[in-house]
Structure formats: C-alpha cells, structure tokens
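The sequence and structure are shown first.

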Amino acid sequence: TNDSTPLIKINAQNLHLDGLLASGFDEASCISRFQSYLYRKASPHKPSSYLISKLRNYEEIHRKCGPRTRSYNTTMRNLVRSKEKHHSTNTSCKYIVWTPVNGLGNRMISMAATFLYSLLTDRVLLVKFEDDMMGLFCEPFLNSTWEFPKDSPFWDPTHVETYQRMMEKEKNKSSLPLVVHLNFRHTQGDPEKFFHCDQSQKLVQKVPFLILQTDQYFVPSLFMAPSFSSDITQMFPEKDTVFHHLGRYLFHPSNQAWGLISRFYQAYMEKSDQKIGLQIRLFSPDSTPHQAVLDLLLSCALQHKLLPELDTENPVTSTRRSTTLKAVLVASLFPEYGDSLRNMYVTRPTITGEVVGVYQPSHEEHQKFHNNMHNMKAWTEMYLLSLCDELVTTSLSTFGYVAQGLGGLKPWLLYRIVGGDETQHDPPCVRDFSMEPCHHIPPKHDCEGKASTDFITTSFPFIRPCMDYSFGVKMA
Ligand code: GDP
C-alpha cells in the first residue's frame with residue numbers, strides 16, 4: 001500500500017547509513033551490518049555524496065586489485081622480480097599494508113586513518129592481522145578481503161627499505177625502492193616528519209607497495225597536505241566526522257562479537273530510558289588509588305547530572321512503578337568501579353527517584369597481548385559504549401576515542417590522575433569540543449623545515465590542540 005512505501009524507504013536509508021554502506025552483502029555472514037541500525041540512533045551527520053562516490057570507487061579498485069585477484073598476483077610477482085633485479089616496474093595496482101602496534105583502540109583509529117590515506121591515493125588497503133585480530137570484524141569490502149595474505153613475500157618487512165633511506169636515495173638521485181616501510185609509531189623521535197608535505201607525498205606516490213606501521217590517528221596531517229586539500233574537504237565538509245563515517249564504514253562486529261554485543265545490550269541496556277557509558281582507564285594502575293578515581297568520576301557524573309545524587313535522608317522512597325531507569329555501562333580493566341557504583345545505587349534511593357542499574361561486562365585486570373578473546377571483549381565494550389547517550393571517558397585513551405567516534409558523541413573527559421595525586425580536581429571533567437580522535441604526535445615542522453610548536457594551529461584553524469593532551473591535535 002501507499003502507507004508502507006515511505007517506511008520501507010526510511011529503513012533502507014537507515015540500513016545503509018544514508019548511502020555510506022554498499023548494498024549486496026550476504027546477511028548471514030555479517031549480521032551486525034543488517035541489524036546495528038536497530039541499536040543505534042540514526043546519525044545526524046550525513047556522509048557527503050562525494051564521500052559516497054569515493055567509497056564506491058574504492059570498492060571497485062579493491063575488487064580488482066585485492067588479494068588473490070589476477071592483478072594482485074601479477075603485481076606481487078613483478079615486485080619480487082624487479083626488486084631482485086633492481087629495476088622499476090609498472091603496476092596498475094598500488095597497496096598500503098597497515099601493520100599493528102599497541103592495543104585495539106590504537107589499532108582501530110590508525111586503521112581508519114590509513115583507510116583515509118588509501119581513499120586519497122587510490123591505494124588498496126590491506127591489514128596485517130595476526131591471530132589476536134582474527135574474527136573481530138566482518139570483511140568491509142564486498143566480495144573481497146582486506147586481510148594481507150600470510151604467504152606474501154613482504155609479510156616480514158625486515159628486508160624492506162625504510163622511508164628515511166628512501167629520502168636519502170632521493171637526495172642522491174638514485175632509483176627509488178618499490179617497497180617501503182613507514183614508521184608512524186608513538187615514539188619521541190619524529191622520523192617521518194614531512195609526511196604532511198607535498199614534497200614527501202610526491203615521492204611516496206611513486207612507491208607501489210607501502211608498509212605502514214602505526215598506532216596514530218594521523219588524519220590531521222592529511223588535512224595539512226596541500227595536494228589532498230580539495231579532495232579531503234569535499235569528502236568531509238564536516239571536518240569532525242572523519243572517524244564517525246569511516247569507522248562505521250569499516251568496523252562491523254563479526255557474528256561472534258555481535259552475539260556478545262546484542263545479548264548484553266538486550267539484557268541490560270535496551271529497556272532503559274537513558275544509557276550512560278563510563279570508561280575508566282588507568283595508565284599507571286599500581287600508583288593510582290581506585291578511590292581517588294572513583295571520587296573524580298562521581299564528582300563529574302553528579303555535577304553534570306549524568307548520574308543522580310543519593311537520597312541520604314530517606315532510606316526508602318516511593319514505590320512508584322513509573323520511575324525512569326538509567327543503565328550505566330562501566331568499561332574498565334578493574335572490577336572496583338562497577339562494584340562500587342552498583343552497590344551505591346542498590347543500597348540507597350536517588351533524590352530524583354530514578355532507578356540506576358550498573359553493568360560492567362568484564363574486568364580483565366591488565367592489558368593482554370596476543371590474546372584474541374581479550375581483544376574480542378575490548379571490541380564488545382567499545383561498541384556498547386558507543387550505543388550510550390552520554391559518555392565519560394579517560395583522557396588520552398584511544399579505547400574511548402573509538403567509542404565516541406562510532407557513537408557520534410562528544411565525551412566528558414575525565415581529568416587524568418597521575419600517580420598518588422589525591423587532591424581534589426575542579427573541574428573533574430570537561431566536555432570535548434569534537435568527537436574525533438586525537439592525533440597524539442602531530443608533525444613538529446612546517447614544510448620549509450622550521451620547527452615550531454604552533455604552526456599547525458596558526459595555519460589550519462580547523463585543527464585544534466586536544467583537550468585531553470595539549471601536545472596532540474584534532475579536527476574541530
Ligand atoms: P588505550 O591504551 O587506552 O589508548 O587503548 P587501547 O585499546 O589501545 O589499549 C588498551 C587495551 O587494554 C585495550 O585494547 C584492551 O585490550 C585493554 N583494555 C583497556 N581498558 C579496557 C576495558 O575497559 N575493557 C576491556 N575489555 N579491555 C580494556
């Protein structure tokens with residue numbers, strides 16, 4: 001009937017996130033792709049039609065050049081042969097391999113940044129997943145894979161030329177390498193310091209196979225490069241939505257992860273009137289007292305009315321059945337936070353009469369490496385946090401960045417307690433100005449080579465120092 005037509009249209013729009021996602025995927029292989037819109041409020045941020053066309057174009061390139069295709073096999077053969085004979089080769093497909101460092105939050109924000117780089121340079125994005133990353137996400141590109149094949153001759157990059165060495169070769173006018181390893185890790189040095197400049201991009205463009213090791217969200221650097229400027233601003237007229245769009249495009253929970261997410265959500269969060277996510281990350285747990293962090297967290301949540309005050313006068317309040325229900329999702333490696341808050345709201349009524357349920361899905365105690373289930377839990381919790389209406393996150397934590405970006409939320413950033421610092425902090429938290437992740441180690445030199453701390457913010461008014469880390473920058 002006429003009545004039902006618009007409804008179906010709206011659903012199709014929602015299902016594909018306003019054209020961000022391609023159609024044609026098989027539902028059984030990735031249920032979250034078809035169901036997540038039922039769990040998440042529709043985003044007020046629409047992807048630009050230019051971004052959508054860039055994505056559809058990229059999907060074509062990936063389908064043509066992705067692993068196991070004829071083009072892929074030919075390119076690999078040519079690269080190996082030319083490398084041995086030290087001569088150049090013509091390849092129609094170019095690649096960038098993302099390789100992991102650090103925890104899952106770092107990995108996800110850097111994968112999204114690498115994907116933006118792929119879109120800007122027509123490179124095929126491949127991801128180097130070891131066992132600890134297997135089975136967390138669905139394949140993002142239709143009828144293809146993004147996993148870098150383990151049998152590739154470049155899986156182990158020890159014999160690959162570095163970016164620095166390439167720069168030296170360029171100075172000596174010798175021929176450029178075909179495979180280059182770029183290091184963008186969170187280290188104090190700044191080796192790839194001119195990556196945001198056109199002169200470097202011109203060189204890198206000639207390299208068919210790039211291997212990038214990074215834990216950084218280097219998106220602001222890409223906005224700085226003049227040659228990307230027009231393309232990138234057309235893709236993202238709203239500059240603070242890069243991770244929001246690219247994250248929701250790339251990261252679909254696998255069926256196993258979706259089972260964990262959807263069951264938890266239905267059991268503890270779905271029926272609530274409001275969902276509050278609290279993410280508590282301690283970077284030096286041995287010297288950080290839980291009580292001080294809990295006090296800070298409560299002070300933030302009460303001050304901004306995210307959580308209600310306790311009624312200390314009346315032990316029992318009315319037994320009205322129509323009270324509002326708040327679900328509080330706690331993500332932390334430590335059980336103390338969920339336990340204390342749950343205990344608090346069960347022991348006493350609240351002055352608003354609201355009922356508060358506190359749920360913490362896991363408490364892993366410490367960060368574990370090379371552990372698939374540990375990453376699965378982390379992914380589940382980042383996703384559940386992203387389904388909340390309000391978020392309190394820990395300053396400097398990329399785990400929180402993923403949640404805020406996917407959810408389209410500007411979080412309340414908790415003041416970072418370091419060591420045994422037990423003084424009262426006022427304000428205990430501040431509202432972030434954007435949902436974008438922070439780039440923790442932005443370039444320190446302009447393209448003329450002058451070292452400067454503020455060339456970024458003076459030359460690019462849409463890039464601002466991060467509120468949680470003043471050395472970092474992010475899109476405003
Ligand atoms: P960051 O170090 O806070 O920037 O975040 P990362 O995600 O890069 O690294 C921290 C890692 O520690 C996560 O990936 C998890 O493996 C683990 N972790 C930290 N906090 C939590 C948490 O609240 N829940 C779970 N399940 N794991 C966590």
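## Overall form

The model is predicted. Its protein chain contains 16 helices and 13 strands. The radius of gyration is 24 Å, close to the 23 Å that the globule rule gives for 476 residues, so the chain is as compact as a globular protein of that length. Along the principal axes, the C-alpha trace of the chain spans about 85 × 65 × 40 Å.

Buried positions account for 41% of the 476 residues. Among contacts between residues at least 6 apart in sequence, 74% join residues at least 24 apart.

## Domains and their contact

The chain is divided into two parts: domain 1 covers residues 27-250 and domain 2 covers residues 255-475. Taken over C-alpha atoms, the centres of domain 1 and domain 2 are separated by 29 Å. The contact between them draws 41 residues from domain 1 and 43 residues from domain 2.

On the side of domain 1 that touches domain 2, the elements giving two or more residues are helix H2 (31-35), helix H5 (104-121), helix H8 (219-224) and helix H10 (242-250). By class, this side of domain 1 has 19 nonpolar, 14 polar and 8 charged residues.

## Helix H10

Helix H10, one of the elements on the side of domain 1 that touches domain 2, is mostly covered, with 8 of its 9 residues buried. The buried residues in H10 are Val 242, Phe 243, His 244, His 245, Leu 246, Gly 247, Arg 248 and Tyr 249.

The cover over the buried residues of H10 includes helix H3 (49-65), H5, H8, helix H15 (398-407) and strand S13 (473-475). Of these, H5 and H8 are also listed among the elements on the side of domain 1 that touches domain 2.

## Helix H13

Helix H13 comprises the 12 residues 336-347. From its first C-alpha to its last, H13 reaches 16 Å, close to the 16 Å expected at 1.5 Å a residue.

The buried residues of H13 are Tyr 337, Gly 338, Leu 341 and Tyr 345. They cover an arc of only 95 degrees around the axis, and therefore lie on the same side of H13. Strand S6 (274-280), helix H12 (290-303), strand S7 (325-332) and strand S8 (355-359) are the elements against which the buried residues of H13 pack. The face of H13 turned away from its buried side carries the exposed residues Asn 343, Val 346 and Thr 347.

Technical notes
Residues numbered from 1 in each chain as written. Predicted model: local features only at pLDDT ≥ 70, side-chain atom pairs only at ≥ 80, totals over all residues. Domains from an automatic or database assignment. Contact = placed C-beta atoms within 7 Å. Helix = DSSP H or I, 4+ residues; strand = E, 2+ residues; numbered from the N terminus. Nonpolar A, V, L, I, M, F, W, Y, C, P; charged D, E, K, R; others polar. Rg over C-alpha atoms; globule rule 2.2 N^0.38 Å. Buried ≥ 20, exposed ≤ 12 C-beta atoms within 10 Å, placed from the backbone. Expected span 1.5 Å × (residues − 1). Arc of directions from axis to C-beta.
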